[in-house]
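Have the sequence and the structure open as you read.

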Amino acid sequence: MIKYTINRIIMVPILLLLVAFFIFILLNLSESDPVVLMLPSEYTQADYDAMEAKFGLDKPMPVQYFNWVVNFVQGDMGTSFKTQGPVADDVGFRIPISLKLAFITTLIMVILGIPLGVMCAVKQYTAFDSIVNVLAKFLGSIPGFWLGLILIMTFSVNLGWFPTYGTGTLRHWVLPVFTLLLPFLANYVRQVRSAMLDCIRQDYIRTARSKGAKEGYVIFREALKNALLPIITLTGGIFATMIGGAVLVEKVFAIPGVGFKIVEAINSRDMPTLLACTMILAIFTIMVQLIVDLSYALVDPRIRSSFAGKKKRKETKKLKEEVA
């Protein structure tokens, strides 16, 4: 288990460097010139050369990428093309906001999705199962930005129940959370239902029922426990997606998160800011996936025993070689 964890941790910086390089290449392929965007409408060639040298854009692209990587590793995210100030000052306070939005949404999704998925699996092909499946397919097909606009028109403009933008109070979070929640919840319920059905049809469930175990014990103790691995994988993947995938939701509700800043950076071709935001999201995504992988051993004792068995076999083999 330790060796597996170390290998996963070693892969993290390699993946991050690949992500940064890919984004760096795409930004440099753009036809717009960031130097021109930073200069006033009237400028001289000397002004252009000075601005280009200030941000290191006069150097070859591989040199620019190497310098950016070195500075980022040291904690320097660079200087924003738009504000011409440190990127860290403009991005740092946005990270907790995006994490808060993703965490609240994921928590509500788990609280609602697991019971609904379990009930749909237990009551397969009933009216309840059919209604939930139809609603899940409907909600899963709705674009997030369109849903957000409909909620704003209904509950903010017409009814006046909730604010249309900002994060000042609890009421500010209701519409953004539900806009982000509903499409993900629809897919989550269907996946939980599928995982539960796979477990309910197994032989050990029939054996438990034949021994007279109560249905609640069979469903929640036997079936749900064994269905946790795919559910954990799905939950971790959705949480990681919400951190970086809330770009449109943050833009619609003017939430000052990382996603909102990404849209601003793209519009202004602010390369340092866009790279920093993307790398931050990539770091969180990879770390969430790493935590999900490590949680498997805590949930499933078979995985722990497989790692322990490998270690024991290696020790036995080494002992035999020493004896020989």
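Arg94 has 7% relative accessibility, so Arg94 counts as buried (under 20% relative accessible area; over 50% is exposed and in between is partly exposed, with a 1.4 Å probe and protein chains only). Arg94 sits in the loop between α5 (87-91) and α6; helices here are DSSP runs of H or I with at least four residues, strands are E runs of at least two, and numbering starts at the N terminus. A polar atom of the Arg94 side chain lies 2.8 Å from the backbone oxygen of Asp90. Leaving out residues up to four places away in sequence, Arg94 touches Pro256, Gly257, Val258, Phe260 and Lys261 (contact means heavy atoms within 4.5 Å).

The model is predicted: local features need pLDDT of at least 70, side-chain atom pairs count only at pLDDT 80 or more, and totals for chains, interfaces and linings use all residues. Residues are numbered from 1 along each chain as its sequence is written, and side-chain values use heavy atoms, without hydrogens and water.

The chain has a mean pLDDT (the predictor's confidence in each residue, from 0 to 100) of 78, with 86% of its residues at 70 or more. Confidence is highest in helix α6 (residues 95-122), at a mean of 88, and lowest in helix α16 (residues 301-323), at 57.

The unreviewed UniProt entry lists residues 101-122 and 134-161 among its "transmembrane region" spans; such annotations may be inferred rather than shown by experiment.

Cys120 is buried because its relative accessibility is 0%.

Definitions and conventions:
Polar contact = N/O pair within 3.5 Å; in protein donor to acceptor, adjacent residues only side chain to side chain.
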